[in-house]
Amino acid sequence: MKNIRTYLYSVLLLCAGTLAACNDDPETEPAYVETGAPTFTANKRGLAADGETLHIDVKSNTYWIIRQQEADDWFTLSPQAGSGSQEVAVTIAANTGQERSATLVFETEHGQMQRITLRQEGHGNTIRFFNDDFGTGASALPVVQFEGWNRNGIGSLRCQYWGNDVNADSGQASSGYVGASGGNGIVFAVDSANFILGGIALKGDINFNLSFGCMTSQAAFDPAQFQVFFSKDRVNWTPIAYDRSSGAGWEAVSIPFYLPEGIDQLYIRFLGRKAGAYRLDDVTLAEGDGRGETITFVEDIVEYEEIPVFNEAFDWCVGPNSTLPGNDGSNMTTVSNRNGWEGNLVYMHSGFPKIGTSSGLGYLTSPAMAAVGEKRVDVTVTFNVAIMGSDRSDMQLIVLNSGSVEGSESKTFTIESDNYWETRSCVVNGATKETRIRFSAIRAKGNRFYIDNVKASFTEVKEKP
């Protein structure tokens, strides 16, 4: 390797000397070579902090070569010499011993030099695949608006966050456990609020440890009200048990586990079942130490069957108009207990109903969800909706008799455009055979809208034969 480097260096110096002899312009920019940082660190696997191959960003306006103060065989450089600004890829072998380092010298043909240290952690260092302390300075800021994420780790490069009715907030900052970061935590603002993070790349590993800090404002911590789930596809969720004391204050939780072979990425979901009662901080997914049981994902042992509750296309609506916006002509027929649907100030167009008048509050109520049977389930509801003309752009779905929607008895939907169909959806939690849903205007004056293709269903889980 040394002979090759000496040859390359001689060739570069010869070329540079020839060029210099042809250019005596005193205003030519002085030759330089820079690398931006004095130290570049890889983990024991030989990867950079983001889990990719380590790169050195070289900035220069001339020819340069890389020299090593001592011969090392635990890494290779590509290229070993170059001209101008470019990246140098550093391929580093896995380290089964102690921490090691090497000094690299970037030198131009004019003798300018930049020294850097290439460092690799030893086998005793724990690799983090993902970590986030959620930053500082937020005040009840919804997760969908929060931009202060502080994620890092070799699997975190493409990690994303999702959350309904969960906020980043610096009140009641984490404390009292090793690694407590203070600052922001995640607050679950309504009943059954979910916070999801994931797309964490697992780099071929199967043994991990998940840790996080959590607390409650209630008298005692109840794991049944603060649940953890794993998923490999962000569709199917497997509940994960954990141990924690019943103390209300901040405490760290640690979950060692194995995953089956062949899983490329992991999603983690935290569910706070009681509004405002639970907080989360300092989520870390690190390599395991040989402890834990293998996770059995629910989709590997069960089958899912979608059970329809109702699928109403309103084909029985017969009226003067089949296109939007239509009008309320004298031959419009009021809906009254058709297929179990009842309402107030509801009129039939051809194939869909219109709800409300210019000065009257209208609503349309579904049949009871008899298909649910003798149990409580979560029912997914989807529907098409359109606002009439330039009327108020909001309408609401109200849950009657039993159940809730996002922790409340109603949910407001804002429609982006008038006279055009848009699709909306929600989940009615804890529905029973008595549950009905009502599509309602919010005010009596100028709040007319259309409804079509209302579908409701729930999922039953059965063991695979």
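Guide: Let us begin with Ala 140, which lies in the loop between strand 10 and strand 11; strands here are DSSP runs of E with at least two residues, numbered from the N terminus. The model is a predicted one, in which local features need pLDDT of at least 70, side-chain atom pairs count only at pLDDT 80 or more, and totals for chains, interfaces and linings use all residues. Residues are numbered from 1 along each chain as its sequence is written, and side-chain values use heavy atoms, with hydrogens and water left out.

Visitor: Why is Ala 140 called partly exposed?

Guide: Buried means under 20% relative accessible area, exposed means over 50%, and partly exposed is in between (1.4 Å probe, protein chains only). Ala 140 has a relative accessible area of 45%, so it is partly exposed.

Visitor: Is Phe 134 buried or exposed, and how do you know?

Guide: Phe 134 has 0% relative accessibility and therefore counts as buried.

Visitor: What makes the peptide bond from Ser 78 to Pro 79 cis?

Guide: The omega of that bond, from Ser 78 to Pro 79, is near 0°. Pro 79 lies in the loop between strand 5 (75-78) and strand 6 (81-83).

Visitor: How do you know the number of disulfides?

Guide: A disulfide is a pair of cysteine sulfur atoms within 2.5 Å. The sulfur of Cys 159 is 19 Å from the closest cysteine sulfur, in Cys 214, and is therefore too far for a bond. By this rule the count comes to zero disulfides. Cys 159 is buried, with a relative accessible area of 3%, and Cys 214 counts as buried at 0%.

Visitor: Why is the contact of Glu 287 with Lys 44 called a salt bridge?

Guide: A salt bridge requires a side-chain nitrogen of Lys or Arg within 4 Å of a carboxyl oxygen of Asp or Glu. The closest N and O atoms of Glu 287 and Lys 44 are 2.7 Å apart, and the pair forms a salt bridge. Glu 287 lies in strand 21 (residues 278-287) and Lys 44 in the loop between strand 2 and strand 3 (54-60), so the pair ties together parts that are 243 residues apart in sequence. Glu 287 is buried at 18%, as is Lys 44 at 15%. The structure holds 17 salt bridges.

Visitor: How do you know that Lys 375 forms a salt bridge with Glu 460?

Guide: Their closest N and O atoms are 3.6 Å apart, and Lys 375 and Glu 460 form a salt bridge. Lys 375 is partly exposed, with a relative accessible area of 34%, and Glu 460 counts as partly exposed at 24%.

Visitor: What makes strand 24 and strand 31 edges of their sheet?

Guide: Two strands pair if DSSP finds at least two bridges between them. Five strands form an open, antiparallel sheet in the order 24-27-33-29-31. Strand 24 (342-344) and strand 31 (410-414) each have a single partner strand, so one side of each is left without a neighbour in the sheet. Three bridges join strand 24 to strand 27 (residues 363-365), and the bridge partner of Gly 343 in strand 27 is Leu 364.

Key: Helices (H or I, at least four residues) and strands (E, at least two) are DSSP runs, numbered from the N terminus.
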